[in-house]
Amino acid sequence: AHQAPDILSSTFAADPYAAYRIMRDEFPLIWHEPMQSYLISRYEDVERAFREPVFTSDNYDWQLEPVHGRTILQMSGREHSVRRALVAPAFRGRTLDEQFLPVIERNARELIDGFRASGSADLVADFATRFPVNVIADMLGLDKSDFEKFHGWYTSIIAFLGNLSQDAEVAEAGLRTREEFAAYMLPIIRERRENPGGDLLSTLCRAEVEGTRMSDEDIKAFCSLLLAAGGETTDKAIASIFKNLLAHPEQLSAVRADRGLIPRAFAETLRYSPPVHMIMRQPSEDVTLSGGVVPAGSTITCLIGAANRDGQRYADPETFDIFREDLATTTAFSAAADHLAFALGRHFCVGALLAKAEVEAGVGQLLDAMPDLRLQEGFTPAEQGVFTRGPDALPVEFTPAV
Ligand code: HEM
């Protein structure tokens with residue numbers, strides 16, 4: 001018999017997947033006193049928490065409001081559906097394909113051109129961290145040379161959200177970020193209302209659904225969410241794809257030979273090593289989950305990394321296999337996705353198709369530029385983080401392509 005794992009412990013941080021196994025098997029429902037939250041780890045429970053409307057996102061308000069202001073993540077019901085409809089069209093269909101795909105491809109090229117001739121790079125610092133932020137900044141029509149600012153802001157927002165042990169400095173930095181971001185964005189938003197262009201910010205200024213439009217404050221909050229939700233996550237996803245493929249050379253060769261396999265490598269990476277590990281929900285009535293009853297109004301932390309390796313759902317769940325048959329890659333980017341890395345249901349990631357487009361362009365171009373990609377001699381990749389998780393460095397070498 002084991003003890004219930006503590007997700008604030010260093011053992012957990014070193015290998016959450018070992019703890020997740022114990023949780024799924026023996027402690028599917030844990031009350032975590034310091035976090036004031038229930039922890040759930042089984043696929044069937046997490047899936048229900050995402051899909052069933054009784055599990056609200058109300059408890060995000062106190063968590064997200066201080067850093068972002070009010071965003072669609074905290075909303076439910078009609079408020080959520082109208083507000084989501086204001087922003088969602090920009091991230092799919094023709095707008096994505098015709099307006100933003102060229103932006104994505106150009107940004108991948110620009111970064112790769114910075115190191116392709118040198119024969120070495122850190123795929124995290126030189127590419128994965130910069131690429132999604134540059135893309136969002138470019139989409140919004142912001143100045144990409146402010147990368148250091150954007151990166152600093154979203155890093156402190158993510159630290160604030162993942163501040164499970166309630167460190168005072170981390171909390172203060174998060175609050176300061178909200179002020180700094182507002183001081184940066186609000187004048188740009190006002191200016192863009194006066195002089196609209198073809199960028200996403202101008203689109204958000206104009207957007208109208210059922211008579212509702214976004215205020216300057218709404219747009220600022222959404223941009224703040226975009227930076228954090230679209231930067232940190234895609235960063236981790238791209239780094240993790242390479243970490244996983246480098247650890248499985250035969251799968252790397254297969255993807256190199258057939259770029260059509262990139263979506264599979266992406267979907268399997270999201271299952272096996274999801275960028276976001278913890279998502280909160282709050283039941284509006286008492287609910288019965290594996291392991292007992294969770295009272296109305298309490299906080300539930302859904303452990304995505306645990307659910308995604310549930311043996312009840314996936315065969316051989318601890319194996320990274322882009323060819324697995326039980327991963328519905330064809331539907332992985334609709335609300336019917338089966339791995340839980342993008343959540344499911346009403347809050348299913350708005351940026352999923354954008355993320356997929358970024359990964360296809362970024363990974364494809366990197367493979368072209370690095371014909372014999374290998375990890376730097378003697379380097380063993382490690383993962384960092386418990387709220388979001390991914391490799392913090394991935395130094396690689398390659399023969400520069402001509
Ligand atoms: C929602 C993960 C990329 C924007 C979510 C949620 C997850 C998630 C788990 C649900 C949160 C919840 O229910 O509480 C990811 C992952 C990504 C990714 C793993 C990359 C691999 C992006 C990108 C953008 C984005 C590129 C946009 C630029 C959003 C937004 C929401 C969201 C706006 C809120 C949707 C709502 O509340 O209705 N994402 N995301 N994400 N994501 Fe993503």
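Student: At what angle do helix 6 and helix 16 pack, and how far apart are their axes?

Tutor: Two packed helices are described by the angle between their axes and by the distance between those axes. In this predicted model, helix 6 (residues 93–113) packs against helix 16 at about 35°, and the axes are 9 Å apart. The crossing of helix 6 and helix 16 is right-handed.

Student: Which residues of helix 6 and helix 16 make the contact?

Tutor: From helix 6 come L96, L101, I104, E105, A108, R109 and I112. Helix 16 contributes L353, L354, A357, E358, A361, G362, Q365, L366 and A369. Sorted by class, this contact has 11 nonpolar, two polar and three charged residues.

Student: Which helices each supply at least two residues of the shell around the ligand?

Tutor: Helix 12 (216–247) and helix 16 (352–369) do. Helix 12 gives the most, with seven residues.

Student: How many residues surround the ligand, and which are the closest?

Tutor: The ligand is surrounded by 24 residues, the closest being G230, T233, H347, C349 and G351. By class, 17 residues of the shell are nonpolar, six are polar and one is charged.

Student: Now the sheet. In what order do the five strands lie?

Tutor: Strands of a sheet pair through backbone hydrogen bonds, either parallel or antiparallel. Here five strands form an open sheet in the order 1-2-10-7-3, with mixed pairing. Strand 1 (29–32) and strand 3 (55–56) are the edge strands, each pairing on one side only.

Student: Do strand 7 and strand 10 run parallel or antiparallel?

Tutor: Strand 7 (residues 278–283) and strand 10 (residues 300–303) run antiparallel and are joined by four bridges. M278 has L303 in strand 10 as its bridge partner.

Note on methods:
Residues numbered from 1 in each chain as written. Predicted model: local features only at pLDDT ≥ 70, side-chain atom pairs only at ≥ 80, totals over all residues. Near = placed C-beta within 6 Å. Nonpolar A, V, L, I, M, F, W, Y, C, P; charged D, E, K, R; others polar. Axes fitted to C-alpha atoms, helices over the stretch in contact; angles between N-to-C directions. Left-handed = near helix turned anticlockwise from the far one by under 90°. Contact = placed C-beta atoms within 7 Å. Pairing = 2+ DSSP bridges.
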